[in-house]
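These are my notebook entries on a structure that I had not looked at before. I wrote down each item as I looked it up.

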Amino acid sequence: MVKCLDSRKIPRDLTEASLSGAGLSIVAALAMMFLFGMELNEYLSVHTSTSVIIDKSSDGEFLRIDFNLSFHALSCEFASVDVSDVLGTNRMNLTKTVRKFSIDSNLRPTGSEFYLRPSTNVIKHDDKVDDESLEGAFVFTSNNFDKYSHQFPITAVNFYAPWCYWSQRLRPSWEKTAKIIRERYDPEMDGRILLGKVDCTKEADLCRRHHIQGYPSIRIFRKGSDVRSDHGHHEHESYYGDRDTDSLVKTMENILASFPSEYYKLALEDKLNVTEDSKRPAPSSGGCRIEGYVRVKKVPGNLIISARSDAHSFDASQMNMSHAVHHLSFGKKLSPKLMSDVQRLIPYVGNSHDRLDGLSFINSHDFGANVTLEHYLQIVKTEVITRQGYQLVEEYEYTAHSSLAHSLHVPVARFHLQLSPMQVLITEDHKSFSHFITNVCAIVGGVFTVAGITESILHNTIRLMRKVELGKNF
């Protein structure tokens, strides 16, 4: 009888224990754990996809602009924030959401907020004045100004420019007022008040020392309160009231009525009806920090910082619009914590939302006069959407290109705003759980398969080497 022997056998590499097999099993287990951890981390991680779409902003939606700018040589007295756009919007001298602070040469505030109530009435001037009254004010120069301004308790000075239209209109009233006050309060006999004038075209240094930027500027100096520091800092009052002779004479007499007792100053001013609009503290320095925000339509437009007044003229050749940008951003303010969390997930978001911060733009004398500083900003909206469809972040980033340009008019600092019709949409992607399980199974099966193949190769190689050593032939 022939016995049929079953030729199927279990491979010896699977039945025999070996040191290499044990080591390979440990390596396979560690590999599976490592790959499983990587897959789990990948499943729990936040993934995003970026796309560019048409801006979904609704018609009539406004964009907020936050800014903090320091101008080295623009007085808060005349600094104006204006906005305009291609739709015809033109808003000038915005004050409701804007604050101003006089600053020194180191861009540090020299006091509290500078407040100037906008004038609602047209400033009155004399319609006609006799020519014989045109010489009454004392002529101040750089050589005698300090002497006389500290000699008289009250010194009222008209800083003017002969070419200025408003200076020409004020001149008859000022000269007549000076003559009337001199007759009533003789400087030699009474000695309480002196009215004078300074021609800023001849005494440029004197006018610059007193931070005169618009013509005419009427300043009232009180003896003992005009404190001057090393930087030429002055504390005095500016007159913004009517410029006709009657108003000027009344103002000077009201000031005299409060002298010398400061105790009765406020009571006498109320009694004599000296309005808040006629006298205010003059700017204590030549620079101004402007901070706040404005809202503009989402169309191409301009944010303009300039010197503006309805009753003053400016010498364009003397205007310097050099400035430092402490902050300039668009859209809603994001908390540092929220921005940090978003950047941890999406590193490139928020890198350009304040591109101009910390930069200075200086108009050197080498470039000449009548220089306007232009900034061209291209603004792009970025929106981050969660997997549930909620808006996580809406922020605006921009590119900036700046230049200096000669102007025929009074120089300004102009920010050209160009909003992109496209927006960047960043959406959080969700990885399904079934995909995670499939990958885990693939990891387990793949590691087992590779481990088995590796073990079989090692086992057969070791057997072959042993047979060669024993001298067996195949």
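I began with the second largest cavity, which has a volume of about 40 Å³. By cavity I mean, on a 1 Å grid over the protein atoms alone, a set of points where a 1.4 Å probe fits but cannot get out, and lining residues are those with an atom within 4 Å of a point. Grid points are joined across faces, edges and corners, and a volume is the space filled by probe spheres set on the points. The lining of this second largest cavity consists of D55, K298, I379, V380, K381, Y396, L419 and S420. I noted that β16 gives the largest share of this lining, three residues, and that β16 and β18 each supply at least two. Helices (H or I, at least four residues) and strands (E, at least two) are DSSP runs, numbered from the N terminus. Sorted by class, the lining of the second largest cavity has four nonpolar, one polar and three charged residues; here Ala, Val, Leu, Ile, Met, Phe, Trp, Tyr, Cys and Pro count as nonpolar, Asp, Glu, Lys and Arg as charged, and the others, Gly among them, as polar.

Before going on I wrote down the ground rules. This is a predicted model, in which local features need pLDDT of at least 70 and side-chain atom pairs count only at pLDDT 80 or more, while totals for chains, interfaces and linings use all residues. Residues are numbered from 1 along each chain as its sequence is written, and side-chain values use heavy atoms, with hydrogens and water left out.

Buried means under 20% relative accessible area, exposed over 50%, and partly exposed in between (1.4 Å probe, protein chains only). Of the 38 residues in this core, those that touch the most other members are I65, F67, I290, V294, L328 and F330. At least two core residues come from each of β2, β3, β12, β13, β14, β16, β17 and β18, and β2 gives the most, with five. I then followed I65, which, leaving aside its neighbours within four places in sequence, is in contact (heavy atoms within 4.5 Å) with G292, Y293, V294, V296, L303, L328, S329, F330 and L417. Another core, of 18 residues, lies apart from the largest one, and among its members are A137, I154, W174 and A178.

I looked in helix α4 (residues 165-184) for T177. T177 counts as buried because its relative accessible area is 0%, and, not counting residues up to four places away in sequence, T177 touches L195, T245, L248 and V249. In helix α6 (residues 245-257) I looked up E253. E253 is partly exposed, with a relative accessible area of 25%, and its contacts beyond four places in sequence are I181, R184 and Y185. E253 and I181 are 72 residues apart in sequence but 8.3 Å apart in space, C-alpha to C-alpha.

In one of them, C76 and C288 have their sulfur atoms 2.0 Å apart, and with 105° about the S-S bond the link is right-handed. This pair links distant parts of the chain, 212 residues apart, with C76 in the loop between β2 and β3 and C288 in strand β12. C76 counts as buried at 1% relative accessibility, and C288 does so at 0%. In the other, C200 and C207 also have sulfur atoms 2.0 Å apart; the torsion about their S-S bond is about -90°, so this disulfide is left-handed. Both C200 and C207 are buried. With the bonded cysteines numbered in sequence order, I wrote the pairing as 1-4, 2-3.

Terms used: Core = buried A, V, L, I, M, F, W, Y, C linked by side-chain atoms within 4.5 Å. Disulfide = S-S within 2.5 Å. 1 Å grid on protein atoms, 1.4 Å probe; cavity = no way out; pocket = protein on both sides within 12 Å on 5 of 7 lines; lining within 4 Å.
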